[in-house]
Structure formats: structure tokens, C-alpha cells
Amino acid sequence: MKRTLSRRSVLRGFLAGGVVTIGLPYLEVFGGLKRAHASPDGLPKRFGMFFWGNGVLPDRWVPAATGTAYALSPTLSVLAPSQPKISIVTGMKVPIVNQIPHMSGPIGFFTGSPPVTGKPDAFNAPTLDQVIASVVGVDSRFRSLEAAVQPGATGLSYNGANSQNPAEASPAALFARVFGPEFVKPGTTPPYNPTLDLRKSVLDGVAEDANSLKSILGATDKHRLDQHLDGVRALEQRIQRLKESPPNLAACTVPASPKDQYPDVAGRPPMSEISRAMVDILAMTLACDQTRVFSLWFSSPVNNTLFTGAPAGHHQLTHDEPSPQPEVAKILDQIMGELAYLLKAFDAIPEGDGTLLDHCAILATSDCNYGRQHTLDDFPIVIAGSCNGALKTGLHYRAPSPDNTSKVALTLARAMGLTLDSFGTAEGKVTSGLSAIEV
Amino acid sequence: MRSPFSFASLGAFAIVTSLLVVSANGCSHAAPQAPGVRKTWILTAMGFTREHDHVAPGFDLDRQVTRMPDAASCGQLDLTAPDGTPGIDNQLSLLIPVVEKQFGNAIDGIIQGAINDGRLLIAFDLANVRSTANDRDITMEVKLAQGKPTIGTDGVLDAYQTLDMRENGQIISPAEGGTFANGTFTIGPFPLRIPIAIFDVAFTIFIRDALVRFTVDEDGNAEGILGGSISMDEVADGVKDGAGVAPLLPQIRGVGLLFADMGLDPDTGKCSLLSSALSLKARPAFLR
Amino acid sequence: MVPYRHSLRVALIVGATACYSGGPLDPPAPPVTTGPVGAAIASPSAAQRLTRVQYANAIRDLFGAEVVVPTALEPDIAGNGFEAVGAKSSTISARGVEQYETAGYSIGKQVAANPTLLARILTCTPTAPDDAACARIFVSALGPVVYRRPLADAEIASLSAIVTTAGTAFASFEKGVSYGIARMLQSPHFLYRPAAGEPDSDNPGKKRYTSYEIAARLSFFLWNSVPDAELLAAAKSNALDTYEHVSAQVERMLASPKARDGLRNFVKEWLRLGELDDLTKDSKLFTTFTSDLGPMAREETLRVFDSLVFEKDADIRDVMTTNQTFVTAKLASMYEIPAPSKTDFAPVDLPADGLRRGLLGHISILALYAHPTTSSATLRGKFVREKLLCTPIPLPPVNLSTGLPEATPDAPTLRARSLVHMGDPTCASCHRMMDPIGFGLEQFDGIGRLRSKENGTVIDPTGELDGAKFGGAASLGHAIHDDPRFAGCFARKLYQYATASEISDDEEATVSALAQRFALTGYKLKTLIAAVATSPAFRAYGDPK
């Protein structure tokens with residue numbers, strides 16, 4: 001007997017090992033949350049992540065004062081133009097055992113859960129962006145989009161154990177994916193495309209194959225095929241969107257196409273140029289409502305990228321450069337400069353009474369606190385955008401005693417409209433958010 | 001007032017001094033059998049030397065220290081080397097600033113361009129080298145290579161690259177008696193005829209008493225000078241058929257006369273040769 | 001669920017076949033140099049997804065080398081240092097599904113538009129755009145090759161329907177074919193290597209691989225690609241059921257040029273040579289660095305392995321000591337030797353008295369296991385430990401400053417700085433295992449060029465491998481060559497690559513037995529590959545997790 005594509009599952013405990021996996025659809029789990037993530041002004045809310053590897057220099061990171069009247073720290077000073085629209089959160093601690101330098105941080109923060117047992121560098125639960133995308137992503141063409149700046153980087157977006165969403169590291173490929181020939185500009189009606197129905201039939205057949213395999217393979221393979229089926233479903237949804245005439249969005253224009261290649265300059269990747277190309281595409285991707293969840297993986301954990309002007313690779317410098325590590329500081333200034341560019345670009349796009357940035361919640365963070373020592377306390381956290389009034393901005397909140405980063409994750413998910421009771425598991429589990437930044 | 005030099009005459013000096021080698025000529029000799037090893041350097045840079053405060057690199061070509069104007073040097077005084085060695089004959093180092101004052105210092109760039117794009121590949125091919133610190137009885141051939149050299153990110157020919165020898169590219173008979181002393185190689189004088197070409201002009205420049213000296217560093221790279229005397233009349237004869245050169249010939253000959261310090265003709269009391277020295281850098285290479 | 005119904009007998013050799021029940025230290029029984037090695041104890045089976053290289057090789061072998069295979073495919077993820085292992089557990093993302101769709105249509109279109117390619121897979125002449133009979137013939141012929149097994153009737157019907165539907169929509173049977181190809185290439189039956197197994201009649205209650213699954217295991221291990229017609233025919237006629245049958249196929253397959261693809265892929269994954277694509281070096285410091293250097297250096301290393309295994313059938317340990325290599329003009333200049341060829345790689349003998357010897361003299365290894373601006377005794381020592389000797393290094397401690405001190409007049413060299421570093425007992429416990437090995441390679445800079453001095457100080461290239469002192473790079477190569485752990489590591493890595501497993505305690509005996517056979521047969525890698533491919537463990541079905 002033919003089995004149809006399962007529309008159930010998959011945010012559920014997987015096996016006895018407690019693997020939690022996110023998948024489509026979401027309705028049963030979240031109790032009919034559909035469109036709950038739309039803002040009061042009718043414009044969609046968006047969630048984003050900006051991540052860089054190798055941590056920060058705590059002395060240059062933490063602002064001296066707290067509250068709303070605070071001066072940005074040296075590393076953060078480049079964000080000054082956006083200061084009213086960002087919050088700095090310090091004093092939070094990643095709630096898992098620090099086993100693997102540079103990996104325990106992201107695993108603990110983004111999933112709120114321990115790694116796979118026996119594999120301390122492996123994600124065992126969906127990352128925050130996917131938790132949010134599983135609910136918010138349903139209305140847009142792409143459930144989520146992942147982009148990387150560092151050549152070869154694949155990011156840290158996971159649907160669960162062994163289930164990565166590899167980031168797109170080529171601006172040209174990202175552009176082609178979103179704004180290629182298939183792109184339907186909001187407010188226009190796409191011409192009839194006979195291939196769409198055929199592609200859908202083909203995908204139906206592919207789903208049939210996956211289901212038939214599920215019936216004869218082991219539990220792990222079944223789970224992997226569920227992930228595959230999620231991808232097939234997402235693609236079918238995308239094809240369906242291509243037949244629709246999306247409502248007009250005033251700010252939406254097709255961005256300029258990026259360069260085909262961004263070759264190294266004197267042996268150094270042009271990180272800034274690539275990052276800005278990605279940001280320009282992502283900004284319009286959001287403005288055109290092609291996705292509502294994005295992540296920009298600026299650099300990977302432990303990356304040894306040779307930054308412009310640096311005498312050695314980033315990771316090497318974080319360990320070998322004597323305190324106070326002026327070269328590491330310069331690299332962090334460059335990275336924050338790119339975050340500043342992103343915030344500025346998003347804030348330049350008008351939406352409703354505000355800007356695109358006002359309709360976003362963006363989490364910017366790294367893989368540890370002090371790169372030299374891989375610490376997980378006092379984690380570096382920047383939150384940008386008010387998520388259309390759901391988040392407080394313009395303040396520096398410092399936890400009076402080490403507090404769980406899962407609270408930040410829960411607050412962000414709730415700000416995006418998810419009605420989650422909790423975030424994380426085991427030590428990482430929290431049931432309340434970070435009220436200091438909640439409206 | 002009309003300038004004493006024109007751009008074309010600058011070109012003529014460039015011809016003389018930059019040895020832009022495009023044509024081929026000369027004889028071919030088998031390398032002598034030697035118990036030491038063969039070591040080859042390819043010239044990666046050649047530059048004009050410039051006099052400053054009577055100091056300039058070069059050789060004492062006439063083995064005379066001329067401190068007062070005399071007839072033998074046609075009134076030209078000797079210079080002192082940067083290390084204090086007196087008696088340096090390098091009139092070219094006085095001429096070059098004059099030329100550059102008039103036309104800017106484009107010549108060094110022209111030479112470097114010719115080296116980097118493969119038009120001026122000169123190799124020093126040493127046979128019988130047992131040590132680059134101290135050694136003697138070393139034979140050297142000067143050879144011309146061809147092809148597109150590989151250039152590093154520093155803009156310099158990569159070391160140890162393999163270059164093709166130009167057909168009949170061996171341009172001197174082996175010079176003998178070279179020595180290494182404390183890492184510095186010296187050889188000469190020997191006659192060096194280099195077939196050169198620039199634009200539409202091809203001729204052979206003859207350095208009657210060429211001397212070469214270079215020091216090898218721990219990476220095998222060499223730095224030094226090439227010196228000798230040249231006849232500006234021969235240069236003028238060589239370039240005379242070039243387009244637009246004819247009107248400049250008097251200036252070339254005139255400058256030669258003005259600066260010449262060697263080759264005294266006892267009958268006329270005039271010198272016909274210009275002492276010269278070029279700085280050079282070289283990296284180890286292989287010839288195929 | 002018909003696909004796996006065909007009941008082909010695969011009589012696995014169960015149980016130990018020789019006397020290798022213990023570790024390498026047990027005194028062996030009389031040397032056995034033929035026959036199956038080890039016991040039929042296997043790691044859990046799982047559906048490996050095709051790696052990018054396997055996908056490209058499969059398209060080449062299915063349709064022809066003329067097809068341009070899109071490179072934007074789901075990235076491979078390494079597990080235990082091998083993409084092969086990662087392929088057993090990683091999933092395909094939503095973007096990956098999209099990329100496989102794009103690739104499938106691109107390939108389908110290319111094949112359908114090329115009469116030569118089309119003729120290879122389409123044996124009937126369509127009479128109409130929706131010629132159902134011809135569609136069925138096409139699907140029945142191509143399907144089993146793409147899915148590497150016979151198709152069920154329902155599958156043939158479903159695939160044929162796509163061909164005729166698309167053919168009708170575009171009024172072109174060829175268009176229909178292109179959709180049929182795209183459909184098959186997106187199927188999990190193609191993108192994964194499902195291993196469902198079948199009941200083993202010799203062991204009631206147990207499962208064994210089907211003969212088609214055995215065929216795929218062999219072809220992906222030995223060729224890194226799909227089974228050819230002969231192998232599929234052997235599967236069909238149940239001729240992969242005994243050690244002798246499999247041995248005959250393995251011998252045939254190792255004689256095929258495609259075996260070189262298989263070896264190259266193993267070496268590339270094992271030594272992490274794929275990372276040379278993204279090599280970052282400060283080109284101001286390393287003036288000969290160009291973006292093509294990494295791939296070029298990888299090709300040198302792969303050619304050396306290829307030559308030792310397939311040209312010379314040499315003792316593979318010689319890879320550590322040989323002065324024979326393959327260079328381009330660029331590599332020749334970096335090795336300070338005359339270029340043997342102007343245009344391509346060519347064989348060359350490195351100077352007999354030179355420092356550069358074997359694998360540890362390759363720019364691929366020296367540049368990959370170094371920093372962007374400097375060498376690294378630690379990274380190189382770690383490479384020797386983990387990749388060549390299979391002695392794992394504990395993870396660096398967290399919450400600890402792990403930096404090296406700056407160069408000072410008292411400690412101008414990396415060696416001197418590392419020794420200062422190792423004054424800290426916490427650091428020393430691990431760095432003692434790595435740095436003294438890497439010191440032996442300090443005469444090669446961060447890009448693998450020779451140097452005699454660092455910061456004006458003459459480099460001391462002596463080092464230590466587990467207490468045995470060595471005088472420099474060449475003698476380090478000899479020490480590794482002679483180290484029994486090196487040969488043992490070959491067996492372990494190859495077995496792990498072949499089975500895509502994390503080696504369980506139960507499989508250790510097989511690994512030891514393979515190492516022993518390897519030693520007894522003169523350390524010939526081809527022999528070891530055959531021993532792994534014919535081993536009961538490789539052919540045994542492990543219950544999936």
C-alpha cells in the first residue's frame with residue numbers, strides 16, 4: 001500500500017536518546033499559531049542571526065554602565081548609529097558543560113540543550129532560528145535562509161542531530177536562489193508556467209519513494225528521510241508560492257546582482273565585501289517577504305581567517321597574541337563594522353511607520369566569551385530591532401548574577417509570536433524569558 | 001630653449017643601458033666539464049646607479065684613482081664606492097640624473113617590465129661551484145632565456161623557476177677565473193656582447209671590459225653590480241636606423257663625448273667610452 | 001514494498017576464518033596470506049547518502065563524461081574524519097533538496113538534448129510524445145542502473161507516467177525523458193544507498209545484505225561510484241555470495257581505471273586534502289602562494305599514492321620515504337628543482353641528499369597543517385599522530401589560556417617558544433605528544449618551502465617520536481615508515497572508510513587481522529583494499545540503529 005507523505009511530526013522526542021527534531025508542519029504542535037507572528041501593523045516580523053567565531057575581548061566588550069543611558073564599549077562603538085535600536089545583554093551564561101572549545105557555546109545557546117551523548121561537538125536539537133522558522137516560515141517562499149561570509153563556512157543552523165541546514169557561501173548563488181528567473185515580485189502576477197505542476201508531480205513521486213524507504217529502513221534512517229521529506233515539502237510549498245500573486249510590498253526591489261566570485265586579495269578573503277553583498281541581498285529578501293528567518297554566519301568557530309591587516313589568522317591570534325591583544329581587537333572592530341552595516345542597511349528600508357529593522361529581532365553573538373580561554377560565562381549578546389514593539393531596545397542589561405542564555409532565546413521566540421512554554425532541556429531549560437528586554 | 005635631450009634620446013639611453021634583449025645572436029660553446037656543481041641565477045632586477053656626493057657603486061675599470069682632472073680620463077673624476085673604495089669609474093651614474101631630470105625616472109620601470117614579461121631574461125650560469133662562500137676557478141657564462149617567467153606576489157620572478165634558454169642564447173664565451181670570497185662572487189673583466197632590441201631597433205651592445213660582482217644571501221638570492229665601458233658612438237650607430245632616431249644621433253654622440261672617460265684616443269685627446277655600472281638582483285633558477 | 005523482494009542468496013561467511021581472534025600482540029598462528037580476513041561482525045548499517053564526488057562519478061558512469069554536473073550540491077559532512085562516515089548519519093537539507101532538483105533537471109536536459117547520450121539510454125524509437133510503451137522500455141532499462149537494483153512494477157509505472165505526462169505537456173518525448181531522468185535523480189533510491197537487507201536463510205532471525213547492496217558497497221568503496229553492468233549482472237545471478245565470488249569481482253574492479261578514483265578519494269578524505277581548496281596563506285609573506293597551489297599540491301600527493309599502488313604495487317609505507325614525486329613547474333620551483341615539464345605534472349626524483357622526502361615533504365601536508373602566516377609544529381605533530389599513527393590526542397582543555405608566547409631574543413624560534421609553552425605541565429601533557437614531532441618539519445615554512453633560519457636563528461630540526469630521537473624531516477619519515485602503528489593505522493583508516501563506521505570494540509579484532517594480513521603480504525595497499533572488500537565484516541549486515 002502506498003503511504004502518503006506524512007504531514008505530521010516532527011517536533012517531538014526522537015528515540016529514547018531524546019533527539020528533538022523540528023519539521024513541517026507545525027500546526028498541531030503550536031495549536032494553530034498560523035499568522036500569529038504577523039505584527040499589529042500587519043507587516044511580518046522577521047528573525048535573524050549574525051554569528052562570528054572566536055569570541056570577544058571582554059574588557060573591550062562590556063559597556064561600563066547599564067540601563068538606557070550607557071556608553072557603548074570600544075568594540076561596540078561602531079554600532080553607535082543604531083544604539084537606540086539595539087540592546088546589549090551581558091552577564092548571561094551558556095547552560096551546558098564547557099567540553100569543546102568554540103562548540104559548547106553555540107550548541108548550548110542556540111539549542112538550550114546538551115550535545116549528542118558521546119559527541120560533545122554535535123548539535124542534538126534544533127537551533128533557535130529553526131525553532132522560529134518552523135512556525136514563522138510557513139507563509140514565505142523560503143522557510144529560512146542561511147548565508148555564510150567566510151569562504152567554505154556552512155554555518156550552525158540545525159534541525160536536530162546530524163541535520164544541518166548548510167549556509168550559502170556564495171552571494172551569487174544566494175541571489176540566484178531568491179531573485180533568479182523564478183522570482184515573483186510582490187504585487188505582480190506571474191505568467192503561467194507549465195513546469196510548476198510537473199515539478200510538483202515529480203516531487204510527489206520523490207516523497208513517495210522516501211516514504212516507501214521509511215517503511216523498510218531502521219529508525220535513524222527513518223528520521224533522516226523525515227528530514228528529506230521536510231525539504232521536499234518546503235520545495236513544494238515554494239513551487240506553490242510561485243503560482244500566487246503576492247500582495248504588493250512598497251519597499252521591495254530586486255537588488256543589484258553580486259559579483260560571481262570574490263577571490264582572495266593578497267591571500268585574504270574580502271570578508272567585508274562578501275558580507276555586504278550578502279546583507280544587501282538579505283535585506284531585500286526580507287523586504288520582498290521571501291523569507292522571515294535568516295542567519296548570516298560571518299565566520300565559523302575556530303576560524304583562522306586572515307583578516308585584512310592582521311599578522312596571523314584570527315584563531316591563532318586569539319591564543320598567541322599577548323594581552324591586551326590589539327590585533328584581535330582590530331579584527332573584532334571589523335566584524336562589528338559589518339554588523340553595523342547590516343543594521344544600517346535594514347534600517348534604511350522603510351516599512352509601515354518604521355523600518356525593516358523595526359520589524360526584526362536579530363541576535364548577534366559568538367561561540368564563546370573570551371576567545372583565548374573559551375569561556376561561556378558573560379556571553380556576548382547583541383539584540384537588534386524591536387520586533388515591531390515586542391522588545392525593548394536602547395539599553396544595556398547586565399544580569400546581576402550569571403543567568404541562563406536560554407532566557408534570551410525564549411524571549412526572542414516569543415517576540416516572534418511563538419507561544420512556547422519553555423526553551424531548552426535539562427540544565428538549559430527555562431520557562432520564563434528575559435523580562436528586562438521584553439515589552 | 002630647446003632641451004638638450006628629447007624623449008627619443010632617452011630611449012636611446014635606455015637601449016644602451018637597459019639591455020632589452022629580444023633578438024638573438026652569438027656563438028655556442030659547450031660548457032666545460034667541472035667537478036663542482038652548476039649554479040644558475042636569473043636577473044630579477046637591473047637598475048641604474050646614481051651618483052650622490054661623489055659616491056656611486058661601480059668598478060675601478062681603469063685601475064687608476066683619478067682625483068684631479070687629467071687627460072687620460074678626459075677630465076672626468078673618479079667616484080668613491082659606498083664602502084669607501086676609491087677610483088670608481090661610473091660616468092653613467094652622473095648622466096642618469098641629468099636624463100631623469102629632463103624626462104622623469106621611467107627607465108627603471110621599463111627595465112623591470114621587460115624582465116617580468118620575459119623580454120629581458122639574463123642568466124648567470126656558473127660551473128664548477130663547490131662553495132658559494134669561498135671558492136675559486138669558477139667559470140661563468142651569460143645566457144639569455146625566454147618564455148613567460150612566474151612572478152611572485154612581491155612582483156619579483158619566483159626563485160628556482162625553470163626557464164628555457166633562447167636558441168643560441170649563450171652570449172659570451174665562458175669567462176674564467178671567478179672567485180667567491182666571503183660569499184661575494186667576482187669575475188671579469190671579460191668582453192660581453194649583448195644583442196639587444198627595443199621597439200624597431202636591434203643591435204649588439206659591446207661591453208669591452210665587463211665585470212660582475214654579487215653577494216649571495218642565505219636564501220641563495222644574489223645582489224650586486226655589472227660594470228664596464230661602452231661606446232656611445234657604437235650605440236648611435238646601432239640605433240641609427242630606428243624610426244625617428246636620426247635627428248637625435250648628434251645628441252647621443254654629443255652626450256657620449258661630454259661624459260666619456262675612457263678609451264682615450266692619443267691622437268685626438270678625446271675619450272670614446274663611457275664607464276657604467278648597473279645594480280642587479282638575481283634569484284636562483286634553472287635553465288632548460 | 002516490492003523493491004527488495006527479490007530473494008537473492010548472499011551466503012555470508014560468518015565467523016572467524018583465520019586465527020585472528022586477538023590483538024596484534026598475540027602470537028599469530030602460521031601466517032595466512034589468503035582467504036577472508038576477520039569475523040562477520042559489522043557496525044550498524046545505514047543509508048549512506050552520495051557524496052558530491054560520488055554523485056558526479058555516478059552521473060559520469062550513468063550518462064557519460066560529457067555531462068556537466070552541477071557542483072552546487074548538499075555539502076559533505078565529515079564524521080570521524082571521513083566524509084564517507086558522515087554520509088551515513090547526515091541528512092539532506094531543504095536547500096539540498098532544491099539543489100538536487102536543479103541538478104536533476106540540468107542533467108536530464110543535457111542528456112535528452114544530446115543524441116549520442118540519449119541513444120545510450122533510449123533503445124526504442126518513440127512514435128508519439130506520450131508513447132507509453134517506449135517510456136516503459138526507457139524506464140525499465142535506466143531505472144535499475146540508477147537505483148542499482150531491479151525496479152518494482154509500480155515504480156516502472158510511476159516513472160513512465162512522468163515521462164509521458166511531461167512528454168505530452170511539451171509535445172516532445174525527449175522532454176519527457178529529461179523529466180524522467182530528473183525524477184530518478186531526485187529519488188532517495190538514487191541519492192542514498194539504502195541498505196534494507198534481507199532475511200539470511202543460513203542464520204535464522206538475522207539479516208544479510210542483498211546481492212545488489214553488496215554490489216553497491218563494493219563499487220562505492222572501490223570506485224567511489226555506481227556498479228557497472230557486469231557487477232549488476234553478478235548481483236542478478238547471485239554471484240556475489242561467496243568469498244571466492246566477491247574476490248573475483250574485487251580483482252576485476254581493482255584492475256579497472258576507476259579503482260584509481262576510489263583510492264584517490266580514500267586518500268583525500270583520510271588526509272583531509274579537500275581542505276586544500278580553501279587554503280588561506282598570507283601571500284605577502286608567502287610570495288609564491290596562489291589560489292591554485294592547494295589543489296595542485298593535492299594532485300601531487302594523489303599521484304604519488306596512485307603511482308605507488310597502481311604503477312609499482314609497492315610497499316605503501318614507502319610513501320613516507322620515497323624521493324619520487326610528481327610536480328608541475330610551479331611545484332618544482334617551490335621544491336627548488338628543475339621543472340621536468342612546462343605544462344603538466346611529470347614524475348621527478350628529488351635530490352638524493354635533500355631534506356624533502358615522502359609525504360611529509362609534500363606541500364599539501366606542510367601547507368595544510370600550518371597557520372596562514374606561520375608553520376605549526378603542533379598541527380603537524382597532531383597530523384602525524386592522528387592520521388598516520390592513529391594515536392588520538394585529547395581535546396585541548398577549555399577555560400585555559402593556550403597561547404604560545406611571543407618570539408623573543410631568548411626564544412626566537414617556534415621550537416624555543418613551544419618549549420617555554422611546554423614548561424606549563426597542563427599544556428605539556430598533550431603538546432609533548434605533538435610538538436616534538438612537528439619540530440622535525442620546522443625547516444619547512446608555513447607553505448612548505450625550505451628555510452634554514454627563523455628570525456635569524458638556525459633552525460634545529462631534531463625531534464622525538466615517543467622517545468626515539470630523530471635528526472630531521474627525512475629521518476622522521478623513516479621512523480614513521482618503520483613504526484608498526486603506521487601500517488596498522490592504514491588498515492584501521494581503510495576499514496573505517498570502507499565500512500563508514502565508528503569502529504566498535506567488536507570490530508577491533510577484524511582491524512587487527514587486517515593489519516596482520518597487510519604486514520604479511522608486504523604492505524601492498526591493493527592487497528589490503530581487497531582484504532577489506534572481501535572481509536566478512538565488510539559484507540556482513542549490521543542491524544541498523
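Questions on a predicted model

Me: In this predicted model, what share of the contacts in chain B between residues at least 6 apart in sequence join residues at least 24 apart?
Reply: Chain B is built with 5 helices and 10 strands, and 48% of its 288 residues count as buried. Among the contacts in chain B between residues at least 6 apart in sequence, the share that joins residues at least 24 apart is 70%.

Me: In what order do the strands of the open sheet of 7 strands in chain A stand, and which strands are at its edges?
Reply: The open sheet of chain A has mixed pairing and the order E5-E8-E3-E11-E12-E4-E13, with a twist that averages 15 degrees from one strand to the next. Two of these strands have a single partner strand each, so one side of each is left without a neighbour in the sheet, and these edge strands are E5 (145-148) and E13 (395-404) of chain A.

Me: At about what angle to E8(A) does helix H4 of chain A run?
Reply: Helix H4 of chain A, made of residues 128-136, lies across E3 and strand E8 (293-297) of chain A. Its direction relative to E8(A) is given by an angle of about 155 degrees.

Me: How many residues of the contact of H16(C) with H18(C) are nonpolar, polar and charged?
Reply: On the H16(C) side the contact includes Ala377(C), Arg380(C) and Val384(C), while on the H18(C) side it includes His431(C), Met434(C) and Ile437(C). By class, the residues of this contact divide into 5 nonpolar, 4 polar and 4 charged.

Me: Which element gives the most to the side of chain C that touches chain A?
Reply: In this interface, 57 residues of chain C are in contact with 57 residues of chain A. The elements of chain C that give two or more residues to this side are helix H3 (94-113), helix H6 (153-170), helix H7 (173-186) and helix H8 (188-191). The side of chain C that touches chain A has 26 nonpolar, 20 polar and 11 charged residues. The element that gives the most to this side, with 6 residues, is H3(C).

Conventions: Residues numbered from 1 in each chain as written. Chains lettered and ligands numbered in written order. Predicted model: local features only at pLDDT ≥ 70, side-chain atom pairs only at ≥ 80, totals over all residues. Contact = placed C-beta atoms within 7 Å. Helix = DSSP H or I, 4+ residues; strand = E, 2+ residues; numbered from the N terminus. Nonpolar A, V, L, I, M, F, W, Y, C, P; charged D, E, K, R; others polar. Buried ≥ 20, exposed ≤ 12 C-beta atoms within 10 Å, placed from the backbone. Pairing = 2+ DSSP bridges. Axes fitted to C-alpha atoms, helices over the stretch in contact; angles between N-to-C directions.
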